[in-house]
Amino acid sequence: MAKGIKSAISPTRAEDYPEWYQQVIRAADLAEVSPVRGCMVIKPWGYAIWENMQQALDRMFKQTGHENAYFPLFIPMRYLEKEAQHVEGFAKECAVVTHHRLEPDGQGGLRPAGPLEEPLVVRPTSETIIGEMYAKWIQSWRDLPVLINQWANVVRWEMRTRLFLRTAEFLWQEGHTAHATEAEAMEETMQMLDVYAHFAENYLAMPVIKGEKTADERFPGAVATYSIEGLMQDCKALQSGTSHFLGQNFARAQQIKFQNEEGKEVYAWTTSWGVSTRLIGGLVMTHSDDDGLVLPPRLAPQHIVLSPVLRDDSRAAVLQYCDRVAEELRAQNYDGQPIRVSIDRRDLRGGEKVWQHIKKGVPLRAEIGPRDMDSDSCFVGRRDQSPREKQAIPRSQFVATAAATLTEIQNNLFQRARRFRDDHSVHIDTLDDFQSYFTPQNSEKPEIHGGLAWCHWAENPQTAALLQKLKVTIRCVPLDGEAEPGRCVVSGEPTERRFVLAKAY
RNA sequence: CGGGCUGUAGCUCAGCUUGGCUAGAGCGCUGCGUUCGGGACGCAGAGGUCGAAGGUUCAAAUCCUUUCAGCCCGACCA
């Protein structure tokens with residue numbers, strides 16, 4: 001490739017953000033679009049990130065008293081019909097199975113045969129099937145709470161898809177709980193929102209705002225929906241996890257009831273909460289730069305990749321030296337586990353090999369050639385620094401400080417993302433400021449603009465029309481921070497606190 | 001699901017308007033050589049039923065119809 005090229009990914013973020021996003025995913029070999037409409041293939045490097053997310057989240061779910069279970073992929077259509085709002089919300093995007101057999105069509109092909117008596121819906125979410133089971137399992141107050149999580153795939157027939165951010169099929173986890181009292185269910189809802197926020201900030205290194213969704217954005221059938229919202233580098237917000245307080249809506253629809261301590265039959269209070277492979281998209285858009293993916297060490301499939309500089313006269317010795325360094329690194333712990341190290345033995349030119357690891361977001365990389373071996377050191381680069389800033393570090397020091405360096409990178413990424421988020425968060429108090437904040441200078445080819453606008457806001461037809469015009473949405477009513485009486489920037493109506501508004505995915 | 005654009009080699013694309021030699025380029029890939037610590041260079045190669053199906057024609061990547069997929073813009077959504 002030409003020497004003049006400054007960055008590994010083309011176009012850059014500033015030039016064309018959506019295209020940059022796709023190129024980062026491709027360069028890092030995370031995933032591809034599949035031949036199946038709207039569905040993606042998650043490749044090993046991308047799937048390993050998901051596995052790391054699963055591992056961390058699963059531990060947190062267990063620590064908060066949940067157990068894993070598995071429910072069917074297929075949901076009888078009539079289950080979905082029970083909760084009116086729920087049907088309405090999901091009906092438009094359901095895949096439906098109507099046959100259970102194939103037969104020759106007489107022209108060398110196949111056609112469906114054996115129509116089902118009742119169509120089966122491929123789960124878009126599992127409230128209904130799980131609720132159906134809970135209704136059987138729960139009879140006494142002694143049976144509560146029921147705290148179950150499921151790792152699964154779901155299907156929502158999306159018309160417009162983007163890798164990780166929105167695909168017809170995606171992987172997620174869905175927690176479903178049932179409680180004896182409203183307060184306990186609400187406590188669960190908030191607890192899991194906190195778990196998600198903790199995970200986002202400490203693992204994804206993605207600062208998030210916890211908040212409640214407005215009625216329009218609420219989960220179909222929920223009494224209240226809470227979310228964590230992150231800000232991507234193109235200044236659009238990403239809903240990155242949701243926790244729903246379902247009240248007794250689903251319990252009533254599905255007859256989840258029990259005898260309480262007074263012997264009275266009452267409905268249970270339920271919750272559900274989930275995060276998906278969308279988080280990988282959030283990860284990409286929070287940290288990556290014009291040289292490709294940047295991974296927070298806690299979720300990186302490999303923490304360190306050693307790139308031996310292979311020359312005929314010293315090949316064996318260098319490889320042996322690398323093996324030794326790798327062994328020593330693996331004996332170190334980072335984040336409670338041995339450091340994940342691999343050696344790239346491929347006989348590629350040094351520069352090319354190293355750039356591949358940069359594009360894949362490996363947090364720490366070390367080039368090791370005869371010169372390093374002679375001086376008993378490693379030539380180390382960090383993904384949170386420029387590719388040029390490489391340093392020779394004595395082997396023993398590199399090994400001894402590797403875990404601390406990973407911790408430092410993890411923290412740096414979070415600090416950097418938080419600074420970006422804070423730099424793109426503003427209090428807006430006039431309509432003019434609001435409009436100009438969300439209006440690009442160049443309407444032909446909109447530049448990156450906007451961010452999180454904290455505003456006094458009233459929900460009414462007038463404000464809704466403005467939002468539609470500017471393509472802005474109410475992200476949430478933030479939970480943290482104090483109430484601050486004020487007046488709606490559009491209508492002047494008095495309000496209690498500021499909402500967060502932004503353009504969003 | 002509406003409106004627009006696009007499907008030609010693994011990737012990015014030219015060729016199509018005005019049908020006609022054996023369908024091209026760059027990158028990537030394979031081999032050999034020179035190289036090698038910031039993304040190498042030279043030479044020689046492999047690789048395409050032109051998204052798919054029908055049609056028009058002596059002749060279709062090129063024209064027509066249908067269909068599938070992708071991208072952008074709307075509506076919808078984790």
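Residues are numbered from 1 along each chain as its sequence is written, while chains are lettered from A and ligands numbered from 1 in the order in which they are written. Since the model is predicted, local features need pLDDT of at least 70 and side-chain atom pairs count only at pLDDT 80 or more, whereas totals for chains, interfaces and linings use all residues, and side-chain values use heavy atoms, with hydrogens and water left out.

We can start with an open sheet of 11 strands, which has mixed pairing and the order β3-β7-β8-β14-β11-β10-β9-β24-β27-β23-β22. Here helices (H or I, at least four residues) and strands (E, at least two) are DSSP runs numbered from the N terminus, and two strands pair if DSSP finds at least two bridges between them. The edges of this sheet are formed by β3 (67–68) and β22 (425–428), and because each has a single partner strand, one side of each is left without a neighbour in the sheet. Elsewhere in the order, strand β9 (residues 209–212) pairs with strand β10 (residues 224–231) in the antiparallel sense over four bridges, and in this pairing E212 stands opposite Y226 in β10. Helix α8 (residues 278–287) packs on the sheet, where it touches β11 (237–247) and β14 (269–276), and its direction makes about 145 degrees with that of β11.

After α1 comes D29, whose phi is positive, near 60 degrees.

Q173 counts as buried because its relative accessibility is 0%. Its side chain is joined to that of Y196 by a polar contact of 2.7 Å, a polar contact being a pair of N or O atoms within 3.5 Å; within protein, one must be able to donate a hydrogen and the other to accept it, and residues adjacent in sequence count only if both atoms are side-chain atoms. A polar atom of the Q173 side chain also lies 3.5 Å from the backbone oxygen of W273. Leaving aside neighbours within four places in sequence, the residues in contact with Q173 include F61, N149, W151 and G274.

Strand β19 (residues 364–368) is another covered element, with five of its five residues buried. Both of its faces are covered, with L364, A366 and I368 on one side and R365 and E367 on the other. β19 pairs with strand β15 (residues 304–308) in the parallel sense over five bridges, and S307 stands opposite E367 in β19. With strand β20 (residues 377–382), β19 pairs in the antiparallel sense over four bridges, and there R365 stands opposite G381 in β20.

Finally, we come to the RNA. RNA strand B is surrounded by 33 residues, of which the closest are R166, R371, D372, R388 and K471; a residue is near a molecule or strand if one of its heavy atoms lies within 4 Å of it. Sugar and phosphate account for 40% of the atoms of RNA strand B that come within 4 Å of the protein. An N or O atom in the side chain of R37 is 2.9 Å from a phosphate oxygen of RNA strand B. Base oxygens of the RNA are approached by the backbone, with a polar backbone atom of P370 at 2.9 Å from one base oxygen and a backbone N or O atom of P387 at 3.0 Å from a base oxygen. The elements that give two or more residues to this surface are α10 (350–359) and α11 (370–374), and α11 supplies the largest share, three residues.

Notes:
Contact means heavy atoms within 4.5 Å. Axes are lines fitted to C-alpha atoms, for helices over the stretch in contact, and angles run from 0 to 180 degrees between N-to-C directions. Buried means under 20% relative accessible area, exposed over 50%, partly exposed in between (1.4 Å probe, protein chains only).
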